[in-house]
Amino acid sequence: MNLCVIGTGYVGLVTGAVFSDLGYTVYCADTDGSKIDMLNCGKMPIYEPGLEEVVERNTQDGRLFFSTDIGDCISRSEIVFIAVGTPPGADGYADLGAVKAVAKTVAQNLNSYKVVVNKSTVPVGTADIVREIIIENRVDPQVDFDVVSNPEFLREGNAITDTLKPDRIVIGASCQSAAMKLVELYAPLERPMVVTDVRSAEVIKYASNSFLATKISFINAIANICELAGADVHKVAKGIGLDARIGTAFLNAGLGWGGSCFGKDTACFIATAEKLGYDFALLKSVVDINSQQPAFFVKKINSVLRGLEGKKIAVLGLAFKPNTDDLRDGKSIEIMAQLSALGAEIRAYDPIAMDNARKAYPDVDYCVDPYQAAANADAIVIVTEWNEFKFLDFDRLKKTMRAPVIFDGRNMFDPDRIRSKGFEYHCVGRAAKDRE
Ligand SMILES: NC(=O)c1ccc[n+]([C@@H]2O[C@H](COP(=O)([O-])OP(=O)(O)OC[C@H]3O[C@@H](n4cnc5c(N)ncnc54)[C@H](O)[C@@H]3O)[C@@H](O)[C@H]2O)c1
């Protein structure tokens, strides 16, 4: 079976690579010629553990192709995945410009029956929009097609594993034959599938991300209460998470969520609900809590250091989470902006995201390693919980810093361990010792 994946970003590229690894012939297409050139030279345009090997193996075996000729890729394929970006529009609603453009290109290259699959995260009703665009623009009205919703749940940094072993595969189709095409396609993965109607599948994606965002904001609100009450959110999270109805995942207090999905998806879900006539007050509060979290932390830093004017701060971690080079909506940018606004001098380090950071924020002083960033610093601020930071040489850090102070925005460390190494240690929601 020939497949086409349009959009070779974090989702499209990983999806295409994994399908080719399952034995399908996959044509990956993108309007960004520089990405396609890189891929055709064996270079990865994004950092994703394990991706390069899968791409290399399948391009060499002649099952995975990259092209800017989107029409040609569509006409060669039976199943067409739309995996382009759906950034937030001005009103919070997803900007469907790229999805609509692809739908038109599909219509213009509909040379045989195809299943068109929305893998991009799109608001409820988008499959109908795609269907209408194809009907209006198809070259031959006799050629049939179906539009299926197949939302993606992969996590950057874990994308290959998530695509090979998803918790579930959601297939929203308006007819059984189209649904069965996707069931057959995914069958080799041997994972649970939820086959449903199109609109339910579209809502499942937003409801999932909104629920996860809610868990994070919930535990962050609890963390703020713990700080005021002299309790330890780490212990509280364990105490509530061991209840099987709640679960321990996504109960790590910190600076809040970032990344390309939660912010835009919660905004879009709120806007969608509003359009439908429902005030999603719960989700609005979840977003508010998340947006306030960095300011709480910066206030703490400012207070502990008795002002930030002229203070040197080493910021460790720039990517929105570990194992990715993605900075989109990352907390690092907000934190650095707020620290700078209070007069701090920032030196930053990230194991992987430095190139992207340099392009996006050229004014920051970037360092080659954590020790250079920490030289003469008044404090270290940890923004992303990279594994590498777990193995920092604290004696070396202490020697190079002006003052041994760590603000851990991700609660990476056991406070007693860090304090036993002679550091003043502050984290999120574990106030008992912070206040000593
Ligand atoms: N990144 C994630 O972790 C993740 C997870 C689940 C779902 N999603 C959703 O998947 C979709 C894609 O996300 P992403 O992170 O891969 O985005 P991305 O920005 O990394 O990639 C999107 C790609 O689409 C290409 N593109 C844009 N317009 C195009 C067009 N008209 N024709 C062909 N290509 C075009 C861009 O050049 C880019 O390479 C979004 O809707 C996103 O919400 C993302």
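## Around the ligand

A polar side-chain atom of Thr86 sits 2.5 Å from an oxygen atom of the ligand, a polar contact in the sense of a pair of N or O atoms within 3.5 Å. This is a predicted model, in which local features need pLDDT of at least 70 and side-chain atom pairs count only at pLDDT 80 or more, while totals for chains, interfaces and linings use all residues. Residues are numbered from 1 along each chain as its sequence is written, and side-chain values use heavy atoms, with hydrogens and water left out.

Lys35 has a polar side-chain atom 2.7 Å from a ligand oxygen atom. For Glu156, a polar side-chain atom lies 2.7 Å from a nitrogen atom of the ligand.

## Helices α1 and α3

Now to the helices, which are DSSP runs (H or I, at least four residues) numbered from the N terminus. Helix α1 (residues 10-21) and helix α3 (residues 51-60) have axes that come within 9 Å and cross at roughly 50°. Those axes are lines fitted to C-alpha atoms over the stretch in contact, and angles run from 0 to 180 degrees between N-to-C directions. The angle makes α1 oblique to α3, a word for angles that are not under 35 degrees (roughly parallel), over 145 (roughly antiparallel) or 65 to 115 (roughly perpendicular).

α1 passes α3 in a left-handed crossing: the near helix is turned anticlockwise from the far one by less than a right angle, whereas clockwise would be right-handed. Leu13 and Val14 are among the α1 residues that meet α3, whose own partners include Leu51 and Val54; contact means heavy atoms within 4.5 Å.

## Helices α5 and α6

Next, look at helix α5 (residues 97-108) and helix α6 (residues 126-137), whose axes come within 8 Å and cross at roughly 40°. That makes α5 oblique to α6. Here α5 passes α6 in a right-handed crossing. Among the residues making the contact are Val99, Ala103 and Ala107 of α5 and Ile129, Val130 and Ile133 of α6.

## Helices α9 and α11

Helix α9 (residues 198-229) packs with helix α11 (residues 262-276) at an angle of about 115°, their axes being 9 Å apart. That makes α9 roughly perpendicular to α11. The crossing of α9 past α11 is left-handed. Residues of the contact include Tyr206, Leu212 and Ile216 of α9 and Phe262, Cys268 and Phe269 of α11.

Technical notes
Helix = DSSP H or I, 4+ residues; strand = E, 2+ residues; numbered from the N terminus. Polar contact = N/O pair within 3.5 Å; in protein donor to acceptor, adjacent residues only side chain to side chain.
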